[in-house]
Amino acid sequence: MPVHPVPLAFVFRSRSKEEKAPADKAPVTDSNQPRDPQAPKGRPTPKRSEAQSQRRSVANTPTTRKEAAKRQRDERRVQMAKQREALASGDERYLPPRDKGPVRKFARDFVDSRFCIAEFFLPLAVIILVLSMVRVPQLQNIALLLWLAVIVLIIVDSVATVFRLKKRLNERFPDQPKKGAVAYALMRTLQMRRLRLPKPQVKRGERP
């Protein structure tokens with residue numbers, strides 16, 4: 001049976017096609033795209049915003065204990081400044097924890113909207129003390145009577161404040177915790193109006 005010779009041109013052509021095929025299937029990469037030097041090899045280059053945020057977080061991380069302590073002091077100083085401003089303006093966001101919440105705000109407004117005998121305790125105590133120091137028996141007796149009268153009036157007014165405030169709190173906030181709100185209000189009645197913190201946000205006689 002005769003054997004037909006294979007043309008040499010066909011052999012070289014098929015071999016050259018097989019060698020070029022893998023090269024054609026190789027993924028095309030953009031050589032013009034800059035690679036982030038911080039990006040690990042074999043991983044895609046992060047976006048510019050991601051890279052900037054990473055650099056920012058690295059730069060903001062304290063490297064020593066001294067820097068960490070200084071940063072904590074600065075943050076505490078800023079927080080205290082915000083609290084002082086909030087105590088003057090009544091901003092709920094930066095108030096101390098004991099003053100936060102709608103229940104505590106209502107208790108403050110309830111006290112600030114009315115006259116409380118307890119807020120005049122300090123000036124009355126000074127007057128009574130001065131009268132008791134005078135070497136006149138009549139004035140000393142008057143000072144003693146005034147002292148007893150002030151104590152009784154403060155007790156009666158405080159009891160009335162407790163009952164009224166409890167009733168208003170139960171009506172206004174039936175489902176919210178009210179623990180400590182009444183004691184918080186009573187402590188506020190002992191302070192003179194202009195010295196109260198947070199500053200009063202309602203006028204006298206105004207219904208909260």
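Student: What separates Asp-109 and Lys-105 in helix 4?

Tutor: About one helical turn, because the two are four residues apart in helix 4; helices are DSSP runs of H or I of at least four residues, numbered from the N terminus. This is a predicted model, in which local features need pLDDT of at least 70 and side-chain atom pairs count only at pLDDT 80 or more, while totals for chains, interfaces and linings use all residues. Residues are numbered from 1 along each chain as its sequence is written, and side-chain values use heavy atoms, leaving out hydrogens and water.

Student: What makes the contact of Asp-109 with Lys-105 a salt bridge?

Tutor: The closest N and O atoms are 3.0 Å apart, and a salt bridge is a side-chain nitrogen of Lys or Arg within 4 Å of a carboxyl oxygen of Asp or Glu.

Student: Why is Asp-109 called buried?

Tutor: Its relative accessibility is 9%, and buried means under 20% relative accessible area, exposed over 50%, partly exposed in between (1.4 Å probe, protein chains only). Lys-105, at 32%, therefore counts as partly exposed.

Student: Which salt bridge does Arg-196 form?

Tutor: Arg-196 pairs with Asp-112, the closest N and O atoms being 2.8 Å apart. This pair links distant parts of the chain, 84 residues apart: Arg-196 is in the segment after helix 7 (181–189) and Asp-112 in helix 4.

Student: Are Arg-196 and Asp-112 buried or exposed?

Tutor: Arg-196 has a relative accessible area of 0%, so Arg-196 is buried. Asp-112 is buried too, at 1%.
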